[in-house]
Structures are given as structure tokens and as C-alpha cells.
Amino acid sequence: RVIKTCRKMGIQSVAVHSDVDSSAVHVKMADEAVCVGPAPTNKSYLNMDAIMDAIRLTGAQAVHPGYGFLSENKVFAKRLAAEGVMFIGPDTHAIHAMGDKIESKLIAKAAKVNTIPGFDGVVKTAEDAVKIAQEIGYPVMIKASAGGGGKGMRIAWNDEETREGFRFSSQEAASSFGDDRLLIEKYIDNPRHIEIQVLADKHGNALWLNERECSIQRRNQKVVEEAPSTFLDPVTRRAMGEQAVQLAKAVEYSSAGTVEFLVDSKKNFYFLEMNTRLQVEHPITECITGLDLVEQMIRVAKGYRLNHKQEDIPINGWAIESRVYAEDPYKSFGLPSIGRLSQYQEPLNLSNVRVDSGIQEGSDISIYYDPMISKLVTYGATRAEALGKMEAALDNYVIRGVTHNIPLLREIITHPRFISGDISTNFLPEVYPEGFKGHQLDVTERRELLASAAALYITAQLRSQKVLGNLSPVEWNQWELHAELGEGGHSVVVTKSQNVFQVEVDGEKVEVSGQWNLASPLLPVTINGTERILQCLSRDASGRILLQYMGTTVRILSKLAAELNSYMPEKVSEDTSSILRSPMPGTVVAVSVKPGDTVAEGQEICVIEAMKMQNSLTAVKQAKVKNVHCKPGETVGEGDLLVELE
């Protein structure tokens, strides 16, 4: 993202990278590249000595720190200043003031910015945390003072959760930020998360560039964002913007930054934190304002004044961003997935679609870094237009080799509650209390999917026969097939006339047509006059075809294959009550039991860290520990056996 703007401005760039990222997109794009160490972040992207050496080696004049790692590290900014290298971001005073949640809250109060009730000091022990939580009143939010990106945050509804939250938040904070200090504040139930983009120069000028709605979250991390918000009226927007600018001026802020607020149902808003860097979701602000925020950051760092006034900042149209992750959305709305991108095709053939990514076909998604694949952004004159573009973009996005969250993203943006704008940070658990199970097809959608899959199956069979030259003298214009969708099987009869298929599904007729390149992962079909995009996930030698439609998958078999399949022995599900397997790839941080111990139901057995998040794994029943197959520091894969119980 940064290199693209540097190229536009005629500025040469140097990429720093870890050894596992040596063939990454940013490394290939940059004019020069320097390896700064092995895969673990503390030995590469957080290794200030190695990065300073790279700066000296290449004679770099400025550093853009990106979205994470050292982007809000005041020590790094100071070291750059000492070498006469420009940090493309705010000065160390602002980073220090806003990077510390405790100090930032006090500064916000003094700047007359609305703040959340809570304890303004550092919480030292778990028992202190319980005492403070009781005084504030449950529920409370336990937060890393130096935190960001949802790391080191826990909601507690009682004393036990406060003790556990204190332990996990401090461990995550130490691991992600090298600072384990925590604070506690009142948790505002069911709020919206709305942030204001600010831009300030070194001459005392500051602007607010409207808001972004970031309420769709899982584990305090954003999933879908939009600009502007459906909830704010011009009066509230101005009040939030002016308070954000007051805060920026109070810390003499320069560069792009974001002031995050929680907004309750009555449009009362409270300061949450300030991110003293470029936000991952900045493209949607760029879409509605026409400003290149990276260009503005570079100009400000060089000492130029802002060349816009507040009245120059428009809201033109609507923009939506979906964060595409290498995650399994059917596990806790997204547990990390790793692998190699065997096929990767961004939907850039569509108009008003932007994809910010740092990967390409063949790239590896590893356990070391954030699981984000890309930021998929769509833009339209209206919200409905932007949402329509997003739906098409998700359907046209080809990702193979890792499990991804596109089915969940598609379900969110087409959900009636999201479309109506009735959202909060609790959207996902409220809409899917039992977890995400995939798109629930209605009767018409089910029929459309089965009919399309059957038509494509027959097309593939006819092509194979043509290639093999063994067309039967029997009249090949009607076929009986078997379709598997979810738990159910369906009988399908297909009749073909030129390029049009008449498909009878459970007694109802559907017309399907299309000119298909069966080698393509994207298959455009016309179903009863409506155009849709299907994706072919796999085809095997037996002719079985696996298709994706609206995030749902279907298998098609010939009638004979289905009959023979019924004789296959069923695979018995593993009894998981006495074993604990890793639900994701990661590193074992702690093992809390040893052979011979008795554990209670719900007791922690071990902690796995994956992609910078810690996950506590617990016993599903009271039992005695038979064997422990892991130890702290070990890397484990998804499904690896960790602990056996008697």
C-alpha cells in the first residue's frame, strides 16, 4: 500500500522482511529489499537494531511503519530521530501520550472529550482487578494499556472472569507489545464502534475526515467496516469530529491518526482510544473523500502544511471494506488457517472494487503473522450500490489452499439486519448464537444451486466423452443424478436442448444456461433469467464435482455412484470427550496439567497462541489426566493430540 503511493510520488522504496517473507509482494515491488531476521516477530519486524542497520545500509531518509509492529513504538521513533531519519507518523510525545490508554484517557478528559467511567490507574494484581471491577460494577473491560488491534482485551462479567481476564490480557500484552500493564473500565453493553479519521500537520492545522463504522467484530477485531455510518446524523458527526480534533491538538498531533469512540443507542459517544498510525480500514475514507492518506502522511512528515480546509472534506458516496482472513469461520467466527495459496484471483475485473493485499498466488500463510489475506473494498454512489458490488466481489474472489472467511463476510453483508443498519459490536453473537453454520438456503436458492450443479456436472461429462471419443449411440439428452447438500440427498433429472438445461429438482423445473470454461474457477450461470456466479472448488476422476454458491457447497454424483456410495461404511466420529486436540495451528504457551492430575469440567488444560492471539483450551468433563503430548514452546498443527484423559 505504501509502496504504491511512493511510486506515484516518485519516491524510491526499501522493503524490510523476515526470511520467510523473502518472496513477499512488498519485497518484489520495492526498489531495494533487506532481510532483518528469522520468522518470529521479535527477531525480525520488531528487531529495531536490524531495522536501523537496514536504514544505514540503504541510506533511507524516512520510514513508514505500516499498520502494526513498530508503528506506535515511541522508542523506535526516538531512535530514528537520533539518526536524522524521518518517521512518517506523529512525534514521540503524541505516540507516548496516546499509546498509553491510561494517560490518553486523562488527556482526553482534560481536552473535554467524553470518556468511559473506569479506573484511571495501572492494575497491579488479579485481586486488585477484582476489587476495582466490583467498585465500577460488572460488566467491565480489561485492556492492555499499550494495546491495540483487539489484543490484550477481555470482557469480564464476574470475579472469576476478571481473574482469568487479568492473566490472559497481561500475557497477550507482554507478547504483542512488550508491556503488560492493564486498566479496567466500564463495559458499555451493545455499543456501536465508530471512529473518526483525523489528519494534522506540524503547523497546528487539524481536520476530521468523517467517520468509519466498525461495529461488526469478532474477538474485539473488526471484520466489516463502512464509511459513512448509517447511524450518525450531521450534528453527532460534527460533535465527534470536533472532539477528535480537540484531542489531536491537545497532544500536538501531526500525521494521520484515528480517534475511536463507542456510541450507545442514544448517540452518546465515549472516547475509546487513539491509534497514532494508519488504520487497516483507511481505504474506505479515501474512497469517500478522494484523499490519499499515505500521500498526506508523507507530505506532513516532510513539513508541508495541509492543503485542505474542513469545509473541503466531502462525503461522496459510500464505501465498504471486508477483511478477508485465512480463517475457518465455522469455528468461533474465525480460527486461523495456514497453508499455501494454490490458486488466487482478486475480483479486480469488476468496477469500483479495490483490493489491498500483500500476497499472491503461491504465497504462504504462516502461524507467525496476522491471518489477513486482503482488504476488499467496494464503492458506490449509495450504500445499496456499494453492498451490491461487495456481494459480486465476494462471489468473484478465488482463494484456494487455505480456509477463508468469505462465506461469513457474504452472509453478513446480505443479512437483513446489517442491510437495515441495525448493528452493534454484538452483531455476530446475537445473529448467530450457536456460531456461524453457513448461509441457510431458502427453497428457491436450494433448487437453483442443485440445478446449476447438475447442469455443470453434465457439461463436464459430455466434454469428457467428446475428448475420449466414446459417445454412446443412446440418445444423450436426459440424465438422472444424485445431489448431496448438507445432510440431505436429492434426485435430479436433467434435459439438454442446445446450450439450455431444463432441470427437474424434487418435482420443480429450473432453467439453467451458460457458456462455461470448465478449467476456470469462476462459472457464470443464468438461472431462470437471473445471473449468478458459481465457483468450482474441485472435480475428481470419478466425475464428482464440488461447487460453491452463496458460500454454500454442494456435491453432485451420478445415480450409480450414489447407489454404490450407500454401501460404503460410515466413518465413525472420534470420541473427543477423553482427548484434547488442537483446534488450530499454533504454539503451546502454557500447559497447566500433568499426568495423574484430576481436572474439573471447564478447567484450563493448556494455552495455544496462534497469529498473536492466545486461546485457553479446557476440559469437557471431570477426569484424570492420562498423558500430556505437548510442552510449552512447541509448535502444533490443527488436529494434533495435546492431552489424553482417562
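The lining of the second largest pocket in this predicted model draws at least three residues from each of two domains: domain 3 (192–216 + 226–320 + 330–431) and domain 4 (443–465 + 475–566). About 480 Å³ of space lies in this pocket. Its lining counts 18 residues, and those nearest the centre are Tyr330, Gly438, Gly551, Thr552 and Thr553. Sorted by class, the lining of the second largest pocket holds ten polar, six nonpolar and two charged residues.

Four strands form an open sheet in the order E5-E8-E6-E7, with antiparallel pairing. Strands E5 and E7 are the edge strands, each pairing on one side only. On average, neighbouring strands of this sheet are turned by 20 degrees against each other, direction ignored.

E5 pairs with strand E8 in the antiparallel sense, over three bridges. Phe119 stands opposite Ile184 of E8.

Two helices accompany these strands. Helix H8 packs on the sheet and touches E5, E6, E7 and E8, while helix H6 lies across E5, E6 and E8. The table sets out their residue ranges and directions.

| Helix | Residues | Strands touched or crossed | Angle |
|---|---|---|---|
| H8 | residues 159–177 | E5, E6, E7 and E8 | about 175 degrees with E7 |

Technical notes
Residues are numbered from 1 along each chain as its sequence is written. This is a predicted model: local features need pLDDT of at least 70, side-chain atom pairs count only at pLDDT 80 or more; totals for chains, interfaces and linings use all residues. Side-chain values use heavy atoms; hydrogens and water are left out. Two strands pair if DSSP finds at least two bridges between them. Axes are lines fitted to C-alpha atoms, for helices over the stretch in contact, and angles run from 0 to 180 degrees between N-to-C directions. Contact means heavy atoms within 4.5 Å. On a 1 Å grid over the protein atoms alone, a cavity is a set of points where a 1.4 Å probe fits but cannot get out, and a pocket is an open set with protein on both sides within 12 Å along at least five of seven lines; lining residues have an atom within 4 Å of a point. Grid points are joined across faces, edges and corners, and a volume is the space filled by probe spheres set on the points. Ala, Val, Leu, Ile, Met, Phe, Trp, Tyr, Cys and Pro count as nonpolar, Asp, Glu, Lys and Arg as charged, and the others, Gly among them, as polar. Domain bounds come from an automatic or database domain assignment.
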